Amino acid sequence: MSNPNPISAPDIPNPSLYPHTSNGYLGVVTNSPAIYIKSLFTRELEWLEAACLSLSPTSHLAKLLNPLSRYELSGLCGKLDLAIKTSHPKLDFIEKGYGSRKARLPNPFAYDILTLNEPSPPLVSLDSSTATSTIETNSTVRTYYAHAYIPNLYVHSLTLKPGMHVINPITFRGLPEDVTFSTVDTGSSDVACMTGVVNIPEQSPANASKPESHVAICHSVLPERVHVREGDAFSGTYFYAVETSTSPLSVDGCMATLTEAASDPSTLRSSHVATWGALNSPSIKTSNADLDRIIADTLVSIRSSLHPTHPFPPSPGGTSTNGYFGLFFWDSDLWISSSLLLMNPDLALQSANYRVNHIASAYDRAEELGNEGCMVPWQAGGGGHDVSLAPFGNIPEQHVTSAAVLLIENLEMTGTEVEGMVELVVCAADFWSGKIDASGSISGVIGPDEFGNDGFEWRGPGKGVVYKGVTDNPYTNIGARRVLEYAYELTGEEKYKDKAEKIRVLYDEEEDYHPQYLDFPNHQIKTSNGNVKQADVTMMAWPWDYEYETTETLTNDLNFYASMYAPEGPGMTESITCIGYLKAGDKDKAREAFNNQLKFVQPQFNIWTETPDPTVHPSDMGCYNFITGAGGFIQSIIHGYGGIRIRPKAVEVTLQVDEEIFESLEFENFVFRENTFTVRGGVEGVLELELKEGEGFVVDMEGNDGEGWKLDGDNKKLAIEGGVGRKVTLTCR
């Protein structure tokens with residue numbers, strides 16, 4: 001779905017809101033000087049100190065920098081005080097973090113083009129169906145895309161009409177380089193090749209996987225100026241091939257990729273379009289055309305953050321940016337990858353593969369903190385180990401371990417095998433088993449609401465202080481219970497079942513709601529003004545799908561915390577609130593929450609930001625494109641209005657529509673255990689099911705007295721009168 005209304009460049013208030021083009025390995029914000037590789041990191045602390053100590057973000061020199069680089073620098077320098085404290089050898093009251101961010105590679109296709117007598121500013125557009133961006137003037141057309149099938153290839157095309165055109169490259173201009181390159185002679189002036197190594201590689205503990213630090217690049221060389229005579233035209237296609245590795249590289253692989261790409265650009269483009277066609281085949285459609293455009297653009301943002309051959313998860317800012325330093329959090333497992341479970345499970349699988357591949361780091365992290373089993377690092381990078389800049393605050397955020405296991409369990413239920421996952425599930429269960437005390441409580445944790453923390457705890461010389469966390473956060477405890485239950489299912493060991501049954505879930509009988517922790521709200525940090533940062537307790541309803549004893553209790557939880565959420569909190573709070581109220585049967589409040597999510601979508605190319613005002617988060621660079629929130633939005637449709645739940649060998653659907661948002665809702669070409677199917681429903685109340693591929697399902701509806709229906713090769717379509725608003729179960733045959 002292309003953008004029918006190209007936007008004038010001066011009307012895009014922030015260069016980070018230009019279209020993002022990525023493929024889950026390589027990513028670029030259109031015309032940015034930086035190309036990012038998802039798995040290539042540098043240590044942040046040294047870079048931060050060098051840049052910030054020599055250059056204030058408000059200085060004259062900073063203002064001369066390319067705007068995108070200036071935003072990045074101002075965000076990073078916002079953490080200068082913290083960086084100095086955590087790296088200073090005398091200040092051992094704070095544990096020193098490893099600190100990482102994605103390394104910047106120079107983009108040879110970032111440039112301004114000056115054309116004599118050009119009357120208008122450039123127009124920028126995005127074809128979201130193929131993740132292709134365009135910058136166009138009356139006399140120039142530039143297109144950009146990261147090839148969907150060939151992950152290490154970036155493609156740029158340039159068309160010029162008659163006139164004198166001068167190309168002015170956009171560079172980092174003043175910022176230190178992350179990679180030192182050596183030029184490799186290609187024997188051609190049309191191709192430039194180089195090899196390099198990250199100047200300050202990501203620091204890695206002895207037992208962790210060795211992070212990538214070596215780079216090879218070959219790219220076509222742009223002309224410096226082109227004079228196109230009247231009656232003539234100029235067009236060219238240019239290629240950028242990159243490889244990264246843990247060991248030194250030659251340019252042979254990049255050169256081969258470049259040569260093959262240049263041999264047939266039209267076929268290359270066709271394969272890119274075909275790959276995106278397959279990725280976009282599973283879709284979500286409504287009767288609301290404006291909403292459909294947001295959905296389509298959002299799904300492309302999520303899909304382009306993962307590649308089926310690259311076992312690295314998405315970061316909150318996607319592949320194209322350094323938002324949250326390109327690192328991997330619970331966002332990767334619970335918000336982003338989980339939104340693709342029934343559409344692109346091969347993409348979601350890469351997050352699970354990353355967790356399994358780096359299980360050694362999870363064992364090490366648990367041991368470092370005196371725990372049993374394995375604890376998934378809260379903040380990980382290229383080597384899979386914890387690289388938190390401020391680990392004193394991140395250590396209690398142990399719920400990421402449960403999020404990783406939940407993704408694995410759901411993938412397995414969809415029929416997507418996660419190799420080696422049993423060990424990770426079992427060692428995660430061992431971790432939680434060791435955390436549960438005699439009363440069934442779990443202490444020293446922080447839930448999704450990072451404002452809930454009971455001060456600091458001294459851990460001794462050289463170990464510093466950490467957040468004490470809180471006791472019995474329901475979100476954390478229910479996640480731990482789910483891990484233990486899954487370990488019991490996989491192993492049959494009663495000890496996991498016993499521990500799961502023992503876990504305490506706080507409940508206030510008098511007020512009929514779930515407090516966020518023991519002695520809530522007395523441990524909200526002072527700077528929070530008593531607010532809750534984001535949805536926490538209400539996430540019991542989703543993604544843990546907790547079965548409340550009464551709908552009233554769920555409603556009370558939703559109503560109680562709605563009044564406490566911080567105004568600067570992320571959009572996923574609205575996603576969870578929407579899903580919760582739909583589960584509770586309150587369509588009005590669900591609609592309000594659903595519409596509130598759309599405030600986080602910026603009108604330029606439907607790019608998501610962490611807050612409605614993208615300037616609120618300067619310390620984390622605003623995180624454009626915030627695909628964590630994008631994932632929450634998609635889940636609010638699939639699991640909220642679709643009411644879809646994944647079960648072992650079954651999918652439950654409780655589809656609802658809201659005439660004030662959309663009169664019909666369709667999930668097309670969804671995938672479950674080798675079955676491809678479509679579900680649609682509307683205000684007429686008829687639920688339509690269609691089997692596209694596979695052996696099919698036995699279909700039953702809640703309250704149905706019969707034996708159910710068949711949806712198979714002989715009965716590919718089924719219409720259920722009164723099926724909208726009722727639970728319909730599709731069980732694999």
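Q: Why does Cys254 count as buried?
A: Cys254 has 0% relative accessibility, and buried means under 20% relative accessible area (exposed is over 50%, partly exposed in between; 1.4 Å probe, protein chains only), so Cys254 counts as buried. This is a predicted model, in which local features need pLDDT of at least 70 and side-chain atom pairs count only at pLDDT 80 or more, while totals for chains, interfaces and linings use all residues. Residues are numbered from 1 along each chain as its sequence is written, and side-chain values use heavy atoms, with hydrogens and water left out.

Q: What makes Cys193 and Cys218 a disulfide?
A: Their sulfur atoms lie 2.1 Å apart, and a disulfide is a pair of cysteine sulfur atoms within 2.5 Å, so the pair meets the rule.

Q: Why is the disulfide of Cys193 and Cys218 given its handedness, and which parts does the pair tie together?
A: The torsion about the S-S bond of Cys193 and Cys218 is about 115 degrees, so the disulfide is right-handed. Because Cys193 lies in strand β13 (residues 191-198) and Cys218 in strand β14 (residues 214-220), the pair joins parts 25 residues apart in sequence; a strand is a DSSP run of E, at least two residues, and a helix one of H or I, at least four, numbered from the N terminus.

Q: How do you know that Cys374 and Cys427 form a disulfide?
A: Their sulfur atoms are 1.9 Å apart, which also falls within the limit, so the pair qualifies. Cys374 lies in the loop between α10 (359-368) and α11 (391-394), whereas Cys427 is in helix α13 (residues 421-435), so parts 53 residues apart in sequence are tied together.

Q: Why is Cys254 in no disulfide?
A: The nearest cysteine sulfur, that of Cys218, is 5.2 Å away, which is not within the limit, so no disulfide is counted for Cys254.

Q: What makes the aromatic pair of Trp330 and Trp335 edge-to-face?
A: Rings of Phe, Tyr and Trp (its six-membered ring) pair if their centres lie within 6.5 Å, and planes under 30 degrees apart are stacked, over 60 edge-to-face and the rest tilted. By this rule there are 27 aromatic pairs. Trp330 and Trp335 have 5.7 Å centre to centre and 80 degrees between the planes, so the pair is edge-to-face.
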